[in-house]
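Please examine the sequence and the structure before reading on.

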Amino acid sequence: EVQEGVTIKQVSIEMKIPKNCVGILIGRQGSNIKEIMEKTGTSINFVACIKGLPDDAQMAEILIHKTISQQPRQETLIIFVPDRAVGMIIGRGGDSVREIQRVSRCKVDIDRGALGEGMEKKIVLKGASDQISMAKQLIEDKVKEEDMMRSSVGGRQARIKYKEPLFLNYDQDEPEEQTSLQGDQEELKPTGSDNCMEVFVSAISTPGAFWVQKIGPKSVDLDKLTQTMTEYYKDEANQKYHQTTSVSTGDIVACRFSSEDSFYRAKVVAVKEDSYDASKSTVDLDFVDYGDYEEKSINEIYELRTDFLKLKFQAIQCSLAHLKASPGPEWSATACDQFEDLTHCAMWKVVWAKVVEYQPSGVPCVELIDTNHAGGDRNIGHELVKQGLAEWEEGDDDVVVDTVTVTRDN
């Protein structure tokens, strides 16, 4: 039909819209496509079929092309990052990677599969060129942050290990009332689905009782705390002010470890008083950030400033899962020595801890995986069994010991 020289008969125009442009055309909550339909008085269905008067339909087609052409071109970039930095990039519960995506408006897809060459993880970035550039920079910043943390921890000197612990666990009855001077204990509770975490093995009694430190920002915080405490307690005036002549079991104090110059936090686990000369009394100490044990003269320990208790105690007691001593019942000196070597104890080399279960006392039972081994990942518990130094607990005889595959997705 024609009205005053203009046809009023509706026409249909079919358009092919690239898949990667459909979302752009629709817009947030359909805002873009609604605006086009309102401006042109047409109806648009997907795959784009425009219905309306000829001039209106052509105008709608023009606006659709204009909308698509004005959008930034979507690109894809593949980058690789060290596997050790993936946890830092993802963050607790995915907080970090979500923030990267929010700030950059770039889609970030971290490969959850096997490691590539050089122990690297693949990350796929999708978005406009400037969005990809920003996301790439934010990820590189996270990698640098991880490297700085590791270099700080790597500067620690190796510590002397002990083999005769005063106690093996923390399942003693706790006082009903906790005072602010007792501090809080860090826990080994992985957030990833694989239950794996990077740790340092810091002290060993036996494969059934050893201590680890979680690797992460708290590692840097611990080194900073040690530096601050050392600077403070090296001052003779401060030593005199905090000198103590009487302590009780459970007190947290400051003192040096062995022949080191640095000062550390330690828990008093026993007091041996000299009834004739109090200055000759000694105390047994558990270094709460490392797990080491040492006896000290009471003259060598100092009251701890309360602000030095803000950081949780970093040494976490663990037990090797599913294993017992062979022949038993006690772990042999050879087994302890070999376990010390396999875990790189107090050498500050990374191993992976996979939490299998928790004892009633709360002590985590873990599998330890050495990723520093030249022949590939090595399950330390399996290695002890192979060497005849340990055996599987009842019900675990069917555990495969020849091949160990560990997925580390953080």
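How many helices and strands does the protein chain have?

## Overall composition

The model is predicted. Its protein chain has 10 helices and 21 strands. The chain holds 410 residues, and buried residues make up 45% of them.

The accessible surface of the protein chain comes to about 22,500 Å². Carbon and sulfur atoms account for 47% of that surface. Contacts across the sequence may be considered next. Among contacts between residues at least 6 apart in sequence, 66% join residues at least 24 apart.

## Nonpolar cores

In soluble globular proteins, nonpolar side chains tend to be buried together. In this chain, the largest nonpolar core has 34 residues. Within this core, M229, Y233, L285, I301 and L304 touch the most other members. At least two residues of the core come from each of α7 (217-233), β11 (252-256), β12 (263-272) and β13 (282-287). The helix α7 gives the most to this core, namely 6 residues.

The surroundings of Y233 can be listed in detail. When neighbours within four places in sequence are left aside, Y233 is in contact with Q239, H242, A254, F263, Y302, E303, L304, R305 and F308.

## Aromatic contacts

A pair of aromatic rings is described by the distance of the centres and the angle of the planes. The count of aromatic pairs in this model comes to 12. In one of these pairs, the ring centres of Y232 and F308 are 6.2 Å apart and the ring planes stand at 70°. Planes over 60 degrees apart count as edge-to-face, so the pair of Y232 and F308 is edge-to-face.

Where do the two partners lie in the chain? Y232 belongs to helix α7, whereas F308 is in the loop between β15 (302-303) and β16 (316-320). The pair therefore ties together parts that are 76 residues apart in sequence.

Are Y232 and F308 buried or exposed? Buried means under 20% relative accessible area. Y232 has 19% relative accessibility and therefore counts as buried. F308, at 3% relative accessibility, counts as buried too.

Y232 also has a charged residue over its ring: R305 lies over the face of Y232, at 4.4 Å from the ring centre. Elsewhere, F200, F257, Y264, F287, Y290 and W348 form one aromatic cluster.

Note on methods
Residues are numbered from 1 along each chain as its sequence is written. This is a predicted model: local features need pLDDT of at least 70, side-chain atom pairs count only at pLDDT 80 or more; totals for chains, interfaces and linings use all residues. Side-chain values use heavy atoms; hydrogens and water are left out. A nonpolar core is a set of buried Ala, Val, Leu, Ile, Met, Phe, Trp, Tyr and Cys residues joined through side-chain atoms within 4.5 Å. Buried means under 20% relative accessible area, exposed over 50%, partly exposed in between (1.4 Å probe, protein chains only). Helices (H or I, at least four residues) and strands (E, at least two) are DSSP runs, numbered from the N terminus. Contact means heavy atoms within 4.5 Å. Accessible areas come from the Shrake-Rupley method with a 1.4 Å probe; for residues, only the protein chains shown count as cover. Rings of Phe, Tyr and Trp (its six-membered ring) pair if their centres lie within 6.5 Å; planes under 30 degrees apart count as stacked, over 60 as edge-to-face and the rest as tilted. A charge sits over a ring if NZ of Lys or CZ of Arg is within 6 Å of the ring centre and within 35 degrees of the ring normal.
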